[in-house]
Structure formats: structure tokens, C-alpha cells
Amino acid sequence: MSTTATAHHPAHAQPRGGHLTGTAPLLRTSLRHDGRLLAPWIAIATLLSASSVLVYPWVFPTQQSREGLAAAVGSNPALGLIFGPAYDLSTADGFNAWRALALGGFLSALGAIFAVIRATRAQEDSGQAELLASGVLGRGSRLLTGAAMALIGSLVLGVVAALVTVLCGGGWEATLLLGATFTATGWMFTGVAAVTAQLGADARTASSMAVGTLGVLFVLRGFAYSVDAPGWTSWVNPLSWMTETRPASGNTWWPLSLAVVLTLVLLAVAFTLQARRDFGQGTITPGPGPARGKDTTAWRLAVRLNRGPLVTWALASLMLGVVFGYLATSITDIFGADPAVQQILAAGATSPDELTSAFVVTILSLVGIIAAVPGVQIMLKVRSEETVDRVEPILATAVSRTRYYARHVLLALGASSLYVLVAGAVIGWLAGTADIGVGVGDVLRQAVATVPAVWTVVAVSVAVVGARPAVALVAWVGVLVSFLLTLLGPTFGLDDWVLGISPFWHVPDVSAADVDLTGLGWISLVTVGFLLVGFVGFRRRDLAR
Amino acid sequence: MSGSDPVIEVVGLTKSYGRFPALRGLDLQVERGQVHGFLGPNGAGKSTTIRVLLGLLKADGGTVRMLGQDPWSDVVALHRRLAYVPGDVSLWPGMTGGEAIDLLGSMRGGLDETRRTDLVERFELDPTKRGRQYSKGNRQKVAIVAALASDVELLILDEPTSGLDPLMEAVFQEVISEAGQRGATVLLSSHIMAEVETLADRLSIIREGRIVQTGTLKELRGDVRTTVRAVLERAPAIDELSSLHDVHLDGDRLTATVESTRIGEAMTLLTGYGLVSLTVEPPSLESLFLRLYEDEQASAPTGTTTSGETGTAP
């Protein structure tokens, strides 16, 4: 970032036209106009971290309740997949490190990726960059501006999250280190996004590649810690470096320097690639396509528009199935290794079978929440197509609004269900190969029971895009609420009626003796309500312009 | 033109975006077989009108009938019989032009294969390029081919030639006249006066959400005067030229206007001074348009002139 200073030159001197000329004014303007887009990421990460230290003494006041928490976390490896290992849950800082490190870094990385892509690729797509490039602006200035925005944003995120958490009662060193891991994760993915912005030929490809990288590394980290993978696996995954800092249980600072080095290397690669490519082109250039078209119906158009993500998500759900399935096969070992779990079992509070089926329910809820993401994306695609005027020519043909919308809704619900079932089948198949008392049929049945909850989450986005498209981001509310309540809700000690807001809370354990399906009936009614709102809204409203 | 078979019939149409009134009681009538020019400055409400006609926007008030049907409720039946070219074509980035033509064509209910081939050839369109690779003009061509390859009764064209080069502009004019000969009705919104002048049978001029003038080009020209430019052997005195208007004399060079009915009289007058060169220009649509707007602007007391193309979105 220090290079931005070189862009300043005395007003009377002739500008030399350097590689980075014009970065400073561009960065100032960008920060003023797009800086506020970083605010939500900063707010959510801060909330996540600060809330941990606030609620901890209140929800877990006694030593006994803290041990109970440790046992609960240890007995559900599905939690470890998301949060990583719990090193020390007996202090507020340790609890915060476990609960916020992985997710806070994830949020910081997402914010950084979107900031970089927005300032580079998305501008090239919209033609805004062409205007800028024709001005007095060096070749590398736009990329540097995008990267600087993300670097500054990540830094602010880390600092704000740490300071607010300290004010709420967090310990200085552990909290600062935790904030530093947020910043470092944001920086590394600034580098990743800067590279993918040079590889993909449009914003969507570039951000999908960067977010995909983040997702894969995130899942691999959780997996590696959950199955106690060999130590070297921690050092090949940059996200694991953050976990290895162990805030509140060791406070190791040096892994952060690895992150800084990686960031610099990635940025160097990005600038090299950028200098070599043509404006508006990617490293991968498309060849000529077919002169005639086969996609001639609203349904095939919907599939075509979402083809790339549909394939990517199919692969992702297979991978998710493998990861979770593999985890399931080793569940009895994991329980056996955990003294807290052994205590619970010895006290006769629960049986190994019950623990296993609770684990299967949690894991499939998690799969369901993840599988709802592509569904929401498909619905938001309807909106983004609308805002770039590509729905207008379609609706000017003999395709009715209802039909156009229905095809997308069908695809969104269908794809999400398919992904749950695919992941469920793989998990079931892997679980069936191990002797843990769970067969393919059990897991598949549980997956089927999860599908209605997924529909409810997707239906929220159907309603939003149909009736209130101006606030399209609200379409994510279903995913967000389900995620927070299903995974974080129990650590807050929330009441049942609050947890019940998440549709996944109503998914019954189908391996139980008598399965109660009324919950699913209720959430399906809600689903139908959301769908109706969406369809009526889309039929009645003006199309965007 | 019988005058009793309207394809588009709009009466008292109103539409607001939030508190901004885009259309304030618009009346528009297009007869079968007409090529109807739809003129107006940016922000006058042309695109809003067209989007109401297509059922993309819901009218706040007034009645709209197209081909005897309601554009909001009879969408599917109506859209089988019409085709649309937007002024700013946005194509799917990964889809080729050829695929986009076939998609739009078959969604409308099929397209005429021979005409499709013919149009692709005449517009020199490479249908194997992808949406993101096309220039603005080429995107426009894709939309034009897609619309004209279907056999429809009504063509709605919203500034269809923006971005086309003059050669392609000529091809476009040819193709639209052919569509007219086939009996298609055309609503042509445009900024290019020469295009409208060549193609349109009738014109409607919109301003601030209302039609301010409508008629044939000849009717609209009405009392607008012909421009005369001449180089003379002897310079006349100003007061000898009382039958001419707007006289400008620069030595032996004369520029003036004259009523269309008195051109002969003016010629006789000027011949007396010894003509070296002479051009007589009938009133162009452009001058008509400018004159109309200058007049309106001069008489418009409030400062509510123009804003964005269709105003602010709600």
C-alpha cells in the first residue's frame, strides 16, 4: 500500500505516467463511494466476536456448565467442521476464539473478495473502468485501488472487532490476536481475488473462483481438525495457520507472518498477470460458439443461465458428502477419544446410538443450509437478469411472467433438494460401510425429511425477489437465520421458540421410534405462503429499469 | 388507411414513478399497416409508453388496447403477434448471437428460417460470437434480426438503430419498408430524423408525457417555411425582399425562408438580381422538431423540463 504514495507528485511537475499514476485520487473516490459496502462485513464480524464475551458468563456461569459445553462440542464433530477445534472453552476468550475465529475470518475474506472484484472485474464488465482507463491512470492503478480497498477494509474489520470485543470484556492479547487473524484472512483473500480477477473473463467467474477457493479451504480445515489429520495438513492450508495462532490458549503470533508473505506473493502474481492481459479479457479466452441455439424454452433458459453454478454446486455437494460421510465413519472413534463424552455415556444420560443419530440430524441440517445457497442464488439471478434488462426481451415474447418465474422457482427448489439428496446419499453410503449403526436408508430418509426445511429457506428468496426486489439482499435472510440459529443458537442458550424460527429446528429425527411430522407440515405451510407472495408480487409489479 | 382499424389505441394514459409523473394523459393511435414515428427528447416518456404497451409496466390510469387486447392481462396471446427491439440491447454474456436469436424467436412462437438466414446475411452478423464480445451495434443487430425473423403483425422498435453504422442503417430502412409492404404495423421510436422521415407514414411527437403533435409529415410541416439559399450578382436592398422571411444578407449571399405556396413568386423576385447559385430546401423534420421545441420551451413557464430517459425508478 505504501506505493500509493508514489502517485503524489507536485502540481507543477510534469507527471511521468507511471504504472500506478492516479491511484491516490481513485482510491479516495472509491473509499468514499464503495467504502460503506464494507460496513456490513465489519459489523457482522464485530457482533460475532463481541457477543461471545458478552453472553459467555451469562449462559455458562458455572464451571459445571462450561464442562457441559465442552462435552457438547466434543460430542458433535459437525460443529468442529465449521468452528474448528475447541482448545479451551473454560474462559470467555477461549470460547470466543473457538466460536469466532473461523467464521470471522470467513466473513472478512468474503468482504475482501467482493471489494476486489467490484473494483476490478465488475467495473470492466460495466464499462466504468474504460472511462477511468482513458483518464490519467496507470495500468496497475485500478487493481491497486481494489486491493488497497480490501486491505484497508480487512484492517479496519480486525481493529474494530478487537476493540469492541475488548470493551465488552475480552482479554487484550487474545482479542487482539483474534482480530489480527480476521485481518490476515482478509488480506490473503484480497490476494486470491486479485489473481482470480485476472483469470476469469467476467465478475461472476472471478468471484466464483475466489469464493470457491475460500469454501474448499474452509471445509478442508474443519475436516482436518475434526478427524485429527496429521500435523502437516495444518501447514498446507492458509486458513489453518489462523487456527494455529490459538488465541487464548497459547497466543502464537508468528503464523500471521506466513499470511503476510502469502498476500504479497499473490498480489505480485496478480500484477504480473494483469500486465500481460488485454483490457476486458481474461487469461482464458472463449472461442466461437454455436451459430444456432437449442435452448428455446423458459425452462431451458433458466437452466442455461445457471449452468455453471449448477455444475459447481453438484460437485460441491458430492465433496460435502464425502467430507461429512468420512467424518461419520469415524464418529465412534471420536466419541471414544473424548473424555467428556465418555462421562456422559457412563452416566447413562444418553446412548452412543442417540449421539450418532443426533450427529446425523445436525450434519444434514448443515448440508440443507448449504444446499439452500444455490437455490437463493438462482432466485437472485432472476433479479440481476432483470436489472440488466435481459428479462425485458423475454417477457416481450409469448412467455408469461408466471411461467418465467415458475421455471426459476422450480429450478431453485429442485436443485437445492437434489444437492441435499446427493450429499445425503454419499454420506449414507460411506456411513453404511462403517459399523456405526447407521445405514444408507437411514441417512437418505433423514435427507428427505430435511428437504422441506430447505424449501422454506429458498421460498424466502422467492418472496423477496417477487414482491420486494429493491431489497434483494434480504433474500439471504432465510439462510442467515437458519445458520445462526441452528449452529450458534445452542451456544447462546436460546429458548425453543427462538430456535423454532429456523425451519431446520422442525426437522424430526426419522430414526426415532415415532416420527412427528407436524413440524414439517407447519413449515411447508409457511413455504406455500412465501411462494404465493412471490408469484403474486412478480405478476403485479413493474419490471425494473 | 381506413382510419377505423387501430392496432394501438391509447387514451389518457398516465404512469408515475414514485412522485415523478412520466406520462400525463398520453393519447396515441396507430392504424393497421402504418409505420408510425414516435419522436421526443430524452425523458419525454417514449420508453415508458413502450414498456406499458408491452405489459412490462402497469398503467396508473387511462386505457390501452393493442390488436384489440389488453397489454397487461392478455400478455401471451398478444406477444405472439408482436416483436420488440429495445434501444439498449443487453445479451447473455456466454450465449452466442445465433442462440439468442433462436431463443427469442422460438419463445415468440417460432421464426421464419429463410428470413432468418437472409437477415443474418444482410446485416453481416457473425452469429457465433458470444454476447460479451459484441459491440453495441452488433448487439443491436442481434435484436433486430430476432424481431424481424418472426412473422408478426406489429413491430415495436425503441430507438432500434442506435449504434448502427450508416450502411447498416440503410439495410435497416430497407428491411422495415419490406415489413411495411408485408402489411406489418410499425411503431418506431427514434432520434434519427432522416430515418423517421424516410420510413414513417405518420408521426406523433411527445413532450413531458403528452403527445403534442400528431399527423402525417406533410400535415406537420404545415406552415413551416422552405429555406432558400442563393448567391446573387447584385446585392438587393433589404426592403426590396418583403415577400421573404428571416432574411440574412452577407454581401451577395442570401439566406431566407419562404412559405411553400410562394416559392415561385420568390424565384421570380430573385432572378431579377441575377442568380449565380441556388438551393431550395423543404422543411426537414429536424427543423420542424427544433422549432416545435424552441416554441414550447419559450412558452413553458415552469422549469420542469427533462430528466433521465424514463425518470427515476421507483
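This is a predicted model: local features need pLDDT of at least 70, side-chain atom pairs count only at pLDDT 80 or more; totals for chains, interfaces and linings use all residues.
Local features are described where pLDDT is at least 70, and side-chain atom pairs count only at pLDDT 80 or more, while totals for chains, interfaces and linings use all residues. Residues are numbered from 1 along each chain as its sequence is written, and chains are lettered from A and ligands numbered from 1 in the order in which they are written.

View 1. Chain A is split into domain 1 (19–283) and domain 2 (296–545), with bounds from an automatic or database domain assignment. Their C-alpha centres are 25 Å apart. Domain 1 of chain A brings 18 residues to the contact and domain 2 of chain A brings 22. On the domain 1 side, helix 2 (39–59), helix 3 (63–74), helix 4 (77–83) and helix 10 (203–226) of chain A each give two or more residues. Helices (H or I, at least four residues) and strands (E, at least two) are DSSP runs numbered from the N terminus. Helix 10 of chain A has the largest share of that side, 5 residues.

**View 2. Chain B against chain A.** Here 33 residues of chain B meet 27 residues of chain A. Helix 2 (75–79) and helix 3 (97–108) of chain B each supply at least two residues to the chain B side. Look for helix 3 of chain B, whose 8 residues are the largest share of that side. The chain B side comprises 16 nonpolar, 8 polar and 9 charged residues.

**View 3. A six-stranded sheet in chain B.** The sheet is open, with strand order 5-6-7-3-8-9 and mixed pairing; two strands pair if DSSP finds at least two bridges between them. At the edges are strand 5 (82–85) and strand 9 (210–216) of chain B, each pairing on one side only. From one strand to the next, the twist averages 15°. Strand 8 (residues 202–207) and strand 9 of chain B run antiparallel over 6 bridges, and B:Ile206 has B:Ile211 of strand 9 as its bridge partner. Helix 1 (residues 46–53) of chain B lies across strand 3 (35–39), strand 6 (154–158), strand 7 (185–189) and strand 8, at about 150° to strand 6 of chain B. Axes are lines fitted to C-alpha atoms, for helices over the stretch in contact, and angles run from 0 to 180 degrees between N-to-C directions.

View 4. Chain B is divided into domain 1 (6–81 + 153–221) and domain 2 (226–281), with C-alpha centres 40 Å apart. Strand 10 (residues 226–232) of chain B pairs antiparallel with strand 12 (residues 253–258) of chain B over 6 bridges, and B:Thr227 stands opposite B:Thr257. Strand 10 of chain B also pairs antiparallel with strand 13 (residues 275–281) of chain B over 6 bridges; there, B:Arg229 is bridged to B:Thr279.

Technical notes:
Two residues are in contact if their C-beta atoms, placed from the backbone, lie within 7 Å. Ala, Val, Leu, Ile, Met, Phe, Trp, Tyr, Cys and Pro count as nonpolar, Asp, Glu, Lys and Arg as charged, and the others, Gly among them, as polar.
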